[in-house]
Amino acid sequence: MLDWRWDFTFEIMPRMLWATLNTLMAAGIGYAIAIVLGLVLALAQRTPYRPLTFVVREAVEFIRSTPLVLQIFFVFYVGPQYGVTLSPWVAGMIAIGLHYAAYLSEVYRGGIESVPKGQWEACTALNMSTAQTYFRIIIPQALPLSVAGMGNYLVGIFKDTPMLSVIGVAELMHAANAIGGQHYRYLEPYTIVGVVFLLISLPSAGLIRAFEAWVRRKLGMS
Amino acid sequence: MEDMSRYPLELTGADVPMVRFMNVTKRYGSLTVLDSLDLDVTEGEMVTIIGPSGSGKTTVLRMLMTLETINGGVIYVDGKPLTHMAKNGVLVPADAKYLRRARSSIGMCFQHFNLFPHMTALQNCMEGPVQVLGLSKKEARARSEELLEMVGMIDKKDQHPSRLSGGQQQRVAIARALAMRPKVMLFDEVTSALDPEVIGEVTNVIRKLVSEHNLTMLMVTHQMGFARDISDRICFFFAGKIEEQGPPDALFGSPQRDRTKQFLSAVKEAD
């Protein structure tokens, strides 16, 4: 610790804060993709079309069973071989969005399955269509049950964004590596990365719990 | 495979029943719950189904609401097949699209109410009329408020189900079902999950329906006194068949079959 240099710390701070914005943006965009795509994957597994259900089920299982960093490399480096050249940002968002969509689809599935059977029967008795049943009745009740799991993966995706540095997305980890390489000093940049992640992750759990309570209250469920 | 040519594509004639179960069979695996059931309910009739648990009485209502599939026979509603549709001159099992159209004249209330917990009482009632029938919000609101008034729940229209007692929830559920303007109403043990002191508020609503509206109703209940008061006909179910049926006074007053006598005396003792 005696070696810690405050002048260096302040010098690199603007760059680190800028990179923090990129990290937050990566997590936000990736999560937005995952939230929507996860729902699509969850619903696709509930259709009566067996082949579709099977393919989606296996794809989700495949994504969950292979490392995220491999998926990032795959999308970024294998794509160009087949003429699909993507920028690091686009490739990274596709990879991390898809990865977390697979996890979120499981969260949604659990939420949908815990809505009581009687709710489905009431929808049939009111002659609602399948789409109306899902979007008006089942999903609004499944969401509050899913909020806790969704929150965990929000923190998860945030902590996984450093993996995007391997394909050159200019987030925090990437900036810390670059600064370290230029100045031959790694202590300060890496410490800042750790502190930033800690400062953002720690309050998140509490915020997510508060949000869950708010959603339940909003929907009149508590 | 059952020979479907014996079932008419449509019921015609002067006395077409509102509901007809024709040779209806329902099995769960190797267990036969309904065994070649024949049952007609005429328009405006109130029929109550009683019987020991496992006799198939709830299954009758659930099949009519298309909550259960059918293993044999055909159910007709208002002369048209419900469980089947005509294809090349014979009846084939109905597809989802046909079922949706065919069941639109049926409404149902459940033992556990099944209100939508994320909606207020009024929103529960408006949901079907707005989403399914395509009414304007204004029309649906007027219709729903009128019905909530009728069941005595207008003061609580902005409450969520979690703030309502069981009896209150069931009254909202009745209003919700009626808001769809069904021709046939099904009541599946609607008082069984209620505390004794609130059963009356629900049975009174049903009494009112019977006396003031020309609805066709099918009810499953354990409230024998209530059933006797308001029904036009009682069907006693035993082992998936109608063991005995008749007007309430006849069936309760002088049952003919041994199983009916046994059941009624057992129920009387439990009271």
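**Figure 1. Chain B has nine helices and 12 strands.** The radius of gyration is 19 Å, close to the 18 Å that the globule rule gives for 271 residues, so chain B is as compact as a globular protein of that length. This is a predicted model. The C-alpha trace of chain B spans about 55 × 50 × 40 Å along its principal axes. Buried residues make up 47% of the 271 residues of chain B. For contacts in chain B between residues at least 6 apart in sequence, 65% join residues at least 24 apart.

**Figure 2. Chain A has eight helices and zero strands.** The order along the sequence is α-α-α-α-α-α-α-α. Roughly 70 × 45 × 20 Å is the box that the C-alpha atoms of chain A fill, taken along the principal axes. Of its 222 residues, 33% count as buried. Among contacts in chain A between residues at least 6 apart in sequence, 75% join residues at least 24 apart. The mean pLDDT of chain A is 92, and 98% of the residues score at least 70. Within chain A, confidence is highest in helix α5 (residues 117-125), at a mean of 97, and lowest in helix α8 (residues 187-218), at 88.

**Figure 3. UniProt annotates a domain and transmembrane regions in chain A.** The unreviewed entry places "domain: ABC transmembrane type-1" at residues 20-208 of chain A. In the model, that span is 80% helix and 0% strand. Its end C-alpha atoms are 21 Å apart. For "transmembrane region", the unreviewed UniProt entry lists residues 20-42, 86-104, 134-155 and 190-211 of chain A. Residues 20-42 of chain A are 100% helix and 0% strand, with end C-alpha atoms 32 Å apart. Residues 190-211 of chain A are also 100% helix and 0% strand, with end C-alpha atoms 31 Å apart.

**Figure 4. The largest nonpolar core holds 121 residues.** Which of its residues touch the most other members? They are Leu64(B), Ile75(B), Ala175(B), Leu186(B) and Leu218(B). Helix α4 (residues 88-113) of chain A supplies the largest share of this core, with 13 residues. In soluble globular proteins, nonpolar side chains tend to be buried together.

**Figure 5. Ile75(B) is a member of the largest nonpolar core.** Neighbours within four places in sequence are left aside here. On that basis, Ile75(B) contacts Phe21(B), Val24(B), Met63(B), Leu64(B), Ile70(B), Leu82(B) and Thr83(B). One of these contacts, Leu64(B), is also listed among the core residues that touch the most other members.

**Figure 6. Chain B meets chain A through 22 residues of chain B and 17 residues of chain A.** On the chain B side, β8 (106-109) and α3 (121-131) each supply at least two residues. α3(B) gives the most, with three residues. What is the make-up of the side of chain B that touches chain A? Its residues divide into nine nonpolar, 10 polar and three charged.

**Figure 7. Helix α3(B) is mostly covered.** Of its 11 residues, 10 are buried. The buried residues are Ala121(B), Leu122(B), Gln123(B), Asn124(B), Cys125(B), Met126(B), Glu127(B), Gly128(B), Pro129(B) and Gln131(B). The cover over them includes elements from both chains: α6 (130-160) of chain A, and α4 (137-150) and α5 (166-178) of chain B. α3(B) also gives three residues to the side of chain B that touches chain A.

**Figure 8. Val196(A) lies in helix α8 of chain A.** Is Val196(A) buried or partly exposed? Val196(A) counts as partly exposed, because 18 C-beta neighbours lie inside 10 Å, and a buried residue needs 20 or more. Residues up to four places away in sequence aside, Val196(A) touches Thr20(A) and Leu172(A). Val196(A) and Lys218(A) are 22 residues apart in sequence, and their C-alpha atoms are 32 Å apart in space.

Technical notes. Residues are numbered from 1 along each chain as its sequence is written. Chains are lettered from A and ligands numbered from 1 in the order in which they are written. UniProt positions are given in the numbering used here, feature names are shortened, and annotations may be inferred rather than shown by experiment. Helices (H or I, at least four residues) and strands (E, at least two) are DSSP runs, numbered from the N terminus. A residue is buried if 20 or more other C-beta atoms lie within 10 Å of its own, exposed if 12 or fewer, and partly exposed in between; C-beta atoms are placed from the backbone. Two residues are in contact if their C-beta atoms, placed from the backbone, lie within 7 Å. The radius of gyration is taken over C-alpha atoms; the globule rule is 2.2 Å times the number of residues to the power 0.38. A nonpolar core is a set of buried Ala, Val, Leu, Ile, Met, Phe, Trp, Tyr and Cys residues joined through C-beta atoms within 7 Å. Ala, Val, Leu, Ile, Met, Phe, Trp, Tyr, Cys and Pro count as nonpolar, Asp, Glu, Lys and Arg as charged, and the others, Gly among them, as polar. pLDDT is the predictor's confidence in each residue, from 0 to 100.
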